Amino acid sequence: MSKLNCMSQLTALSTSIAVLGAVWAFLALGPLSGFVLVWAGFLAWACYFHTGADTPALQKTIVGMAYGAVIAGIALLLVNLNPLFLPGVFGPAVYIGVTVFFLVFVARFDLLSVVPANVYGYAATAAYALQTANAGSVTALDMTNPVLLVIVSSVLGAVFAMLSGKLAAALTKA
C-alpha cells in the first residue's frame with residue numbers, strides 16, 4: 001500500500017482516541033460506574049501523552065497520579081481531624097500547604113518526576129471528595145474512598161491512553 005493511502009498521524013490519533021474514548025466513557029458510565037471516574041481517566045490519558053506517550057510515560061503517569069491521590073487523602077484526613085487544632089480556614093490552608101510541598105519535593109525520584117501527574121492525582125482526589133456529596137471517607141476500604149477511586153481511574157485511563165497510541169501507530173502503517 002502506498003504512503004498516500006495511510007492516515008496522517010493526527011487523523012490516526014484522533015480516530016484512535018475517539019474510538020477508545022467512547023469505549024472508556026461507555027465502561028466508566030455503564031458497567032464500571034461507581035468503580036471509576038470518567039474524567040479522572042481522561043486526566044490520566046492526557047498526562048500520558050504530555051509525558052511522552054511511551055512506557056516511562058505510562059509508569060510515571062500511574063505512579064504520579066496515585067501518589068498525588070494518596071497525598072490528597074492525607075490532606076483530607078488532616079483537615080478532617082485537625083490534629084494541631086488550628087482555627088478556622090487556617091487549619092486546611094496549613095495542611096494543604098504542607099502536603100502539596102511533597103508533590104514537588106519528590107520529583108528527584110524518577111517515577112515521581114512528572115510534577116503535573118502528581119498534581120493531577122491530588123487535584124482529582126480533592127475535587128471529587130470536596131464536591132461530591134456521597135464521596136466516602138479516605139479511610140474506607142471500598143470504592144467510596146476517593147483515593148482508591150482516583151487511583152483505579154488513573155490506571156485504567158493511562159492504559160487506555162497507551163492503547164490509543166498503539167492503535168494510532170497501527171493506523172498510520174495500514
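**Basis of the model**

Helices (H or I, at least four residues) and strands (E, at least two) are DSSP runs, numbered from the N terminus. The structure is a predicted model, in which local features need pLDDT of at least 70 and side-chain atom pairs count only at pLDDT 80 or more, while totals for chains, interfaces and linings use all residues. Residues are numbered from 1 along each chain as its sequence is written, and side-chain values use heavy atoms, with hydrogens and water left out.

**The Phe101–Phe105 pair in helix H4**

Phe101 and Phe105 both belong to helix H4 and stand 4 residues apart, about one turn of the helix. An α-helix has 3.6 residues a turn, so residues three or four places apart point the same way.

Rings of Phe, Tyr and Trp (its six-membered ring) pair if their centres lie within 6.5 Å; planes under 30 degrees apart count as stacked, over 60 as edge-to-face and the rest as tilted. The pair of Phe101 and Phe105 is stacked because the ring centres are 5.1 Å apart and the planes are at 25 degrees. Partly exposed residues fall between buried (under 20% relative accessible area) and exposed (over 50%), with a 1.4 Å probe and protein chains only. Phe101 is partly exposed, at 46%, and Phe105 is partly exposed, at 41%. The charged end of Arg108 sits over the ring of Phe105, 4.3 Å from its centre; this requires NZ of Lys or CZ of Arg within 6 Å of the ring centre and within 35 degrees of the ring normal.

The structure holds 7 aromatic pairs. One of them joins Trp45 and Phe160 in a tilted arrangement, with 6.0 Å centre to centre and 40 degrees between the planes. This pair links distant parts of the chain, since Trp45 lies in helix H2 and Phe160 in helix H6, 115 residues apart. Trp45 is buried, with a relative accessible area of 3%, and Phe160 is buried at 12%. Trp45 and Phe160 form one aromatic cluster with Trp24 and Phe42.

**Nonpolar cores**

A nonpolar core is a set of buried Ala, Val, Leu, Ile, Met, Phe, Trp, Tyr and Cys residues joined through side-chain atoms within 4.5 Å. The largest has 17 residues, of which Trp24, Ala28, Trp45, Tyr48, Ala117 and Phe160 touch the most other members. Helix H1 (9–29), H2, H3 and H6 each give two or more residues to this core, and H2 gives the most, with 5 residues. Apart from this core lies another, of 10 residues, including Leu37, Leu76, Ala124 and Val147.
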